[in-house]
Amino acid sequence: MNENQVINVSELDSKFADEVISYPGGEHLRKCFACGTCTAGCPVSEIDESYSPRRLIRQILFGMRVEVLTSAAIWYCLVCYRCFAHCPQSVNFPDLMRVLRYIAIREKYVTPDIVQRISEIDKRVQILRHDLIKYDVTKQKD
Ligand code: SF4
Ligand code: SF4
């Protein structure tokens with residue numbers, strides 16, 4: 001969804017936001033007033049300007065079910081909780097992402113092998129981060 005995107009009203013799901021809200025973590029979704037603080041401090045948004053927690057929340061509220069559940073963006077979140085810590089409305093965006101991933105898997109918008117692949121990528125990234133930090137800190141002592 002960008003500034004000029006045309007929304008097809010017939011494809012919207014008016015119950016989508018309520019469904020997301022019904023899961024733990026979704027409670028404060030409707031309190032979002034689109035201030036953008038979440039996007040401004042997000043490490044993913046820092047490297048990908050098209051990634052916007054604020055926009056994803058608007059899409060959920062608009063009922064853009066298929067667009068959200070088929071989006072790679074719901075898998076980009078690192079679940080670091082930085083956005084939640086700074087949100088003035090206590091919107092728990094990382095837990096919202098967990099809800100969206102759960103629904104996407106349940107409704108087969110993503111295949112199990114893709115989910116497995118994402119899990120492997122996360123593990124490899126963590127190993128790389130761990131080893132690079134260990135190398136730098138250890139080297140500094142030499
Ligand atoms: S910081 Fe909170 S209120 Fe502001 S756009 Fe993000 S979720 Fe909405
Ligand atoms: S929890 Fe996700 S959306 Fe929020 S700041 Fe971290 S990476 Fe960004």
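## Where ligand 1 sits

Ligand 1 sits in the largest cavity of this predicted model. On a 1 Å grid over the protein atoms alone, a cavity is a set of points where a 1.4 Å probe fits but cannot get out. A molecule sits in one if more than half of its atoms lie within 2 Å of its grid points.

There are 13 residues around ligand 1, and those that come nearest are Cys 32, Cys 35, Gly 36, Cys 38 and Cys 87. A residue counts as near when one of its heavy atoms lies within 4 Å of the molecule. The shell divides into nine nonpolar residues, three polar and one charged. In this scheme Ala, Val, Leu, Ile, Met, Phe, Trp, Tyr, Cys and Pro are nonpolar, Asp, Glu, Lys and Arg are charged, and the others, Gly among them, are polar. Helix 2 (37-40) and helix 4 (53-62) each supply at least two residues of the shell. Helices here are DSSP runs (H or I, at least four residues), numbered from the N terminus.

## Salt bridges across the chain

Let's turn to the charged side chains. A salt bridge is a side-chain nitrogen of Lys or Arg within 4 Å of a carboxyl oxygen of Asp or Glu, and by this rule the count comes to seven. One of them joins Asp 13 to Arg 65, with the closest N and O atoms 3.2 Å apart. Asp 13 lies in the segment before helix 1 (16-21) and Arg 65 in helix 5 (residues 65-69), so this pair ties together parts that are 52 residues apart in sequence. Arg 65 is buried at 12% relative accessible area, whereas Asp 13 is partly exposed at 23%. Buried means under 20%, exposed over 50%, and partly exposed in between, using a 1.4 Å probe and protein chains only.

Which residue does Asp 18 form a salt bridge with? The partner is Arg 30, and their closest N and O atoms are 2.8 Å apart. Asp 18 belongs to helix 1, while Arg 30 is in the loop between helix 1 and helix 2, 12 residues apart. Asp 18 is partly exposed, at 43%.

Glu 19 meets Arg 106 in another salt bridge (3.0 Å, N to O). Because Arg 106 lies in helix 8 (residues 93-106) and Glu 19 in helix 1, the pair ties together parts that are 87 residues apart in sequence. Glu 19 is buried at 19%, and Arg 106 is partly exposed at 37%. Asp 13, Glu 19, Arg 65, Arg 106 and Glu 107 are linked in a network of salt bridges.

## How to read the numbers

Residues are numbered from 1 along each chain as its sequence is written, with chains lettered from A and ligands numbered from 1 in the order in which they are written. In this predicted model, local features need pLDDT of at least 70, side-chain atom pairs count only at pLDDT 80 or more, and totals for chains, interfaces and linings use all residues, while side-chain values use heavy atoms, leaving out hydrogens and water.

Key. 1 Å grid on protein atoms, 1.4 Å probe; cavity = no way out; pocket = protein on both sides within 12 Å on 5 of 7 lines; lining within 4 Å.
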